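Welcome, and thanks for taking a look at this one. Please open the structure below and keep it in view while you read.

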Amino acid sequence: MSGKYLLAIDQGTSSSRTVIYNHRAEVLSSAQQEFPQIYPEPGWVEHDPEAIWASVAAVTRQAMQKLNAVAADISAIGITNQRETTVIWDRETGKCVHNAIVWQDRRTAAYCQALKNDGLESKVTEKTGLRLDPYFSGTKIAWILDNVDGVRQRAESGKLAFGTIDSFLLWRLSGGRVHATDATNASRTLLFNIHTQDWDDELLELLSVPRAMLPDVRDCAADYGVANDACLGGEVPVCGIAGDQQAALIGQAGFDYGMTKSTYGTGCFVIANTGDKALHSDNQLLTTIAMRIDGDVTYGLEGSVFVAGSAMQWLRDELRIIDSAPESEAIATSTGIVTDVHVVPAFAGLGAPYWDPDARGAILGLTRGSGRNEIVTATLQSVAYQTHDLIEAMSDDGIEPSVIRVDGGMVANNWFLQFLADVLDIPVERPKNVESTVLGAAYLAGYRAGVVRSPGELSTLWERDEIFQPSMSSPQRESLLQGWRDAVNRVRNPD
Ligand code: ADP
């Protein structure tokens with residue numbers, strides 16, 4: 001395989017990024033661009049697929065120009081993406097029939113509720129590992145088919161294609177020749193049977209989605225054809241695809257049973273590797289495909305917290321009690337652990353393990369002496385408590401991580417990571433390279449392209465920056481967690 005670089009595209013919810021690596025996983029060049037968010041109605045979130053594509057083409061061109069790289073210098077392309085976001089386009093013209101409906105969009109809540117009322121959730125969960133929630137692609141596809149004129153008929157006659165963002169980008173990069181996705185992205189659609197590794201006819205019928213519009217599902221490291229778009233200036237094979245959270249697990253070298261990563265960006269996403277077993281959760285976590293490499297499926301248990309780093313933005317932009325997110329570290333260091341005040345940042349309801357969409361945020365336990373410092377520190381603490389609730393749910397479901405690998409913007413905060421280790425009572429490891437997601441995508445591509453011997457090689461390249469060892473006494477931890485539980489109970493919506 002020719003070329004000395006690996007190029008990875010990370011198409012995220014708020015921005016697109018391209019990073020170019022050498023074969024030793026060192027970053028040589030990168031470029032990033034934001035694109036507009038579209039909010040047509042309360043609870044609805046869309047992206048213009050053309051704006052997504054334009055941003056990806058632009059950052060790819062820029063990253064290559066910075067390095068004076070040409071297509072022949074690149075061994076392979078890897079793609080990682082915001083998951084679940086749904087695009088439908090015309091196979092002939094390449095034109096999208098509607099804006100992309102973003103994972104955060106809640107427009108299909110009533111439809112999901114109706115399916116639940118019909119008693120269908122357990123069947124869906126058994127096959128997909130997911131819940132009947134608007135978060136996933138299936139009901140978003142159904143919405144477009146039902147609400148855009150003429151689209152259902154065109155879909156049935158095979159004229160339209162559905163894809164998550166990876167699939168859409170691959171279609172565009174390959175000049176409309178390849179319609180495929182990987183198993184991790186497929187596992188977030190509500191249509192893919194994670195046990196048989198195929199689109200499920202019963203689910204397709206349930207959501208009235210024609211099979212003719214679905215992409216071919218491949219391994220994460222696979223032959224995805226050749227990209228020849230002008231932004232590359234020549235032909236480059238596409239060899240890797242994984243959804244963003246799964247790519248982060250790969251980038252963190254989470255290849256073994258029990259290995260767990262937690263990503264702290266806007267929200268927090270935890271995935272534990274459960275090996276070849278699809279663990280069913282009794283605690284409202286999701287069962288998902290963590291990776292599929294050389295035909296071997298690795299499953300994962302996943303939980304998410306909606307508000308993590310964005311709580312820092314709330315302190316900065318709404319309460320205006322900090323000037324920047326990093327300032328929270330100095331404040332917490334000088335304040336120390338706060339025991340009486342609890343902030344529950346349930347701004348958009350509570351995710352796993354509560355799944356209470358109607359809960360709302362609160363600051364509890366204020367006394368005359370409580371001020372800015374206590375509120376800032378308690379907000380940082382709340383992110384750790386929420387992670388604790390996820391890890392506790394995982395352990396109830398049968399998987400107990402012995403260490404957590406963390407990444408994302410918020411892990412620059414040492415105070416937060418020490419408190420996290422204390423509350424979890426598990427060591428927390430921060431890698432030198434906290435950009436795990438895009439690294440994971442690059443590595444998948446490198447493996448398929450033959451420039452990386454095995455994805456497992458990442459385990460030897462993975463370097464620890466710091467380990468935070470738990471040092472809190474059990475009584476103190478228990479008392480803090482009891483305070484947190486009481487606070488959560490007070491914001492939950494009584495059924
Ligand atoms: P995303 O990919 O979701 O946009 P990032 O991984 O870039 O997010 O992380 C950015 C988030 O991390 C922001 O919400 C910001 O508030 C938070 N953040 C950044 N630095 C710190 C810090 N030192 N302490 C706490 N939070 C931080």
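This is a predicted model: local features need pLDDT of at least 70, side-chain atom pairs count only at pLDDT 80 or more; totals for chains, interfaces and linings use all residues.

## Around the ligand

Let's begin with the ligand, which has 13 residues around it; Thr266, Gly309, Gly409, Met410 and Asn413 come nearest. Helix H10 gives the largest share of this shell, with 4 residues.

Which polar atoms of the protein face the ligand's oxygen and nitrogen atoms? In the side chain of Thr266, an N or O atom sits 2.7 Å from an oxygen atom of the ligand. Gly309 takes part through its backbone, where a polar atom is 2.9 Å from a ligand oxygen. Asn413 uses its side chain instead, placing a polar atom 3.1 Å from a nitrogen atom of the ligand. On its own the ligand has 580 Å² of accessible area, and the protein covers 68% of that.

Next, have a look at Asp90, part of strand E6, which spans residues 87-90.

The Asp90 side chain reaches the backbone nitrogen of Glu92 at 2.7 Å. Leaving aside residues up to four places away in sequence, Asp90 touches Lys95, Arg154, Lys159 and Leu160.

Leu319 lies in the loop that links helix H10 (309-317) to helix H11 (327-335). With a relative accessible area of 33%, Leu319 is partly exposed.

Notes: Residues are numbered from 1 along each chain as its sequence is written. Side-chain values use heavy atoms; hydrogens and water are left out. Helices (H or I, at least four residues) and strands (E, at least two) are DSSP runs, numbered from the N terminus. A polar contact is a pair of N or O atoms within 3.5 Å; within protein, one must be able to donate a hydrogen and the other to accept it, and residues adjacent in sequence count only if both atoms are side-chain atoms. Contact means heavy atoms within 4.5 Å. Buried means under 20% relative accessible area, exposed over 50%, partly exposed in between (1.4 Å probe, protein chains only). A residue is near a molecule or strand if one of its heavy atoms lies within 4 Å of it. Accessible areas come from the Shrake-Rupley method with a 1.4 Å probe; for residues, only the protein chains shown count as cover.
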